[in-house]
Amino acid sequence: MLQLITILNRCHRFPGFVYHQARFGSDRKSIEIAVRPRKGSRAVCSRCHQPAPGYDQLAERRFEFIPFWGFLVFLLYSMRRVDCRRCEAVVVEEVPWADGKRTLTRAYMLFLARWARKLSWKETAEAFRTSWEKVFDAVEYVVTFGLEHRVLGQIDAIGVDEIQYAKGHKYLTLVYQIDLGVTRLLWVGRERTIESFQGFFTMIGDEIASRIVFVCSDMWKPYLTVIREKCSEALHILDRFHIVANLNKALDEVRAGESRRIAFEGRIPVLKKSRWLLLKRGDNLKTEQRFRLRDLLRYNLKTVRAYLLKEAFQQLWDYNSATWAGKFLDEWCRQVMRSRIEPMKKIARSLRDHRELILNYFRAQKLLSSGVVEGLNNKAKITMRKSYGFRTFRCLELALYHSLGKLPEPESVAVGMPVTQHPPHRSPRAALPHEALILDA
Ligand SMILES: [Zn+2]
């Protein structure tokens, strides 16, 4: 016969405490497990973390534990208070399964937080019959722990990116580590100002900042300013992904403008539904789309000329040498400046202004994993979509650190015990035969 307490002792054992009794709650929908101090063990002061003489005992509290086969599970425990000489005060004891005033056990918070990485917070709350606020608490606990315990170490390369999270120009500044071996989110800043990016450098300190070798960014001026000031020794690279994104934006502006003009003049709306045909890379189009694109390209339109310029630009990325890439870039910009297509000319002017930073891409190419900022940017967007409906800065900050920060996790068992990292979809407890569970009713 296998008892619930035996299982708990196997996976969540707390030194100094014993599981005393397990029984159904009065609603028969929950399981309550009484916890007692082990005989002779002394309570630990929660302020100085040292054992201290007992003072008194408080009323029984309920701590929510990982739900079990459809039952809510609670640990019941009467906290002791200690008369701590070190702290010269009467202090509530420290217990290994929970921290501070939270009613969720650490194990349950870790459990919820792991699921909240796969599901949205709302879905996580629904799946485990808990509230959105508790999932928020769980993620906050895990992320706070992770940020306090992460090791920054040496950082060779960083990428800075802005991301819009709400209407009305609400942006976040994200800083990633993009070393060949390590990619992770390092920093989430409010807004996309000089101050928000400087916050990152304050966090890592001058020592680490001075050893950064590569910085990737877009052409956003406040970022360029901070990079010049804080990483003057690093090779600053304008990221390919951002340049292509800007080109696409310009092309889309040309198309939208011309499309409106055609409609206004009452001509055949040849540009209707052409947006994705033009923005997608040619080799990503399906056969039918390719025919439609070929049709479209026969028209003498500004959009078509802008499209051809954009496509021609892609050749830049095939160069290995910065010199040849530079020659190509200059020639491309010359062509565009003659095109009389204003949005494209604006891009060309900006590329000319940032010529050296663009060519740094070729100088560093072999040493950076390309496309990594784009990949992280996509993941950040997916994370934001998942937490949709709760777009406050704090929520997004937590969600982004949680899914992209690669933060260390708190141990799910008592301090000093080996860490067992069970992925949430493969719970070893589920492998136990049903008959084996006998509860003390
Ligand atoms: Zn103390």
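Reader: By class, what does the lining of the largest pocket have?

Author: In this predicted model, that lining has 20 nonpolar, 12 polar and 12 charged residues, where Ala, Val, Leu, Ile, Met, Phe, Trp, Tyr, Cys and Pro count as nonpolar, Asp, Glu, Lys and Arg as charged, and the others, Gly among them, as polar. Totals for linings use all residues, while local features need pLDDT of at least 70 and side-chain atom pairs count only at pLDDT 80 or more. Residues are numbered from 1 along each chain as its sequence is written, and side-chain values use heavy atoms, with hydrogens and water left out.

Reader: And what volume does the largest pocket have, and which residues lie nearest its centre?

Author: Its volume is about 1400 Å³, taken as the space filled by probe spheres set on grid points joined across faces, edges and corners; F241, H242, A245, N246 and K249 lie nearest the centre. A pocket here is an open set of points on a 1 Å grid over the protein atoms alone, with protein on both sides within 12 Å along at least five of seven lines, and lining residues have an atom within 4 Å of a point.

Reader: Which element gives the most to that lining?

Author: That is α7, with 10 residues, helices being DSSP runs of H or I with at least four residues.

Reader: Switching topic, how many cavities of 30 Å³ or more are there?

Author: The search of the whole structure finds 1, a cavity being a set of points where a 1.4 Å probe fits but cannot get out.

Conventions:
Helices (H or I, at least four residues) and strands (E, at least two) are DSSP runs, numbered from the N terminus.
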